[in-house]
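I'd like to talk about aromatic rings today.

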Amino acid sequence: GFTPQERAWMTKFLNKGFVDVWRHAFPDKVQYTWWSQRGGARGRNVGWRIDCLCASEKFLPKTSNPVIYDQVMGSDHCPIGLTVE
């Protein structure tokens, strides 16, 4: 899972000048990249967004089109993508 220790590490990482590119593009959107294989979580769309693409603030302008391919099946995670100049 995304433990308190992992959350603290991610917060420190982002505070050092890195940006979650997808969240930057979609600050209010709810979309997941992982679903438990138990209890039909994916079918009910109860998941977590634990797969991230991050960039430095300086590099951020060279990124575009972050996407979560949540309709792609094959794992408990789905692919994510990003265009980079």
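Let's start in helix H1, which covers residues 4-15. Trp9 and Phe13 both sit in this helix, four residues apart, and that's about one turn. Just so you know, this is a predicted model.

So how do we talk about two rings? A pair of aromatic rings is described by the distance of the centres and the angle of the planes.

The structure has four aromatic pairs. For Trp9 and Phe13, the ring centres are 5.1 Å apart and the planes are at 10 degrees, so we call this pair stacked. The cut-off there is planes under 30 degrees apart.

Now, are these two residues buried or exposed? Trp9 is exposed, because its relative accessible area is 53% and exposed means over 50%. Phe13 has 22%, so Phe13 is partly exposed.

Phe13 has another partner, Phe18. Here the centres are 4.3 Å apart and the planes are again at 10 degrees, so that pair is stacked too. Phe18 comes in at 31% relative accessibility, so Phe18 counts as partly exposed.

One last thing to look up on your screens: which ring does the charged end of Lys29 sit over? That would be the ring of Phe26, with the charged end 5.1 Å from the ring centre.

Terms used: Residues are numbered from 1 along each chain as its sequence is written. This is a predicted model: local features need pLDDT of at least 70, side-chain atom pairs count only at pLDDT 80 or more; totals for chains, interfaces and linings use all residues. Side-chain values use heavy atoms; hydrogens and water are left out. Rings of Phe, Tyr and Trp (its six-membered ring) pair if their centres lie within 6.5 Å; planes under 30 degrees apart count as stacked, over 60 as edge-to-face and the rest as tilted. Helices (H or I, at least four residues) and strands (E, at least two) are DSSP runs, numbered from the N terminus. Buried means under 20% relative accessible area, exposed over 50%, partly exposed in between (1.4 Å probe, protein chains only). A charge sits over a ring if NZ of Lys or CZ of Arg is within 6 Å of the ring centre and within 35 degrees of the ring normal.
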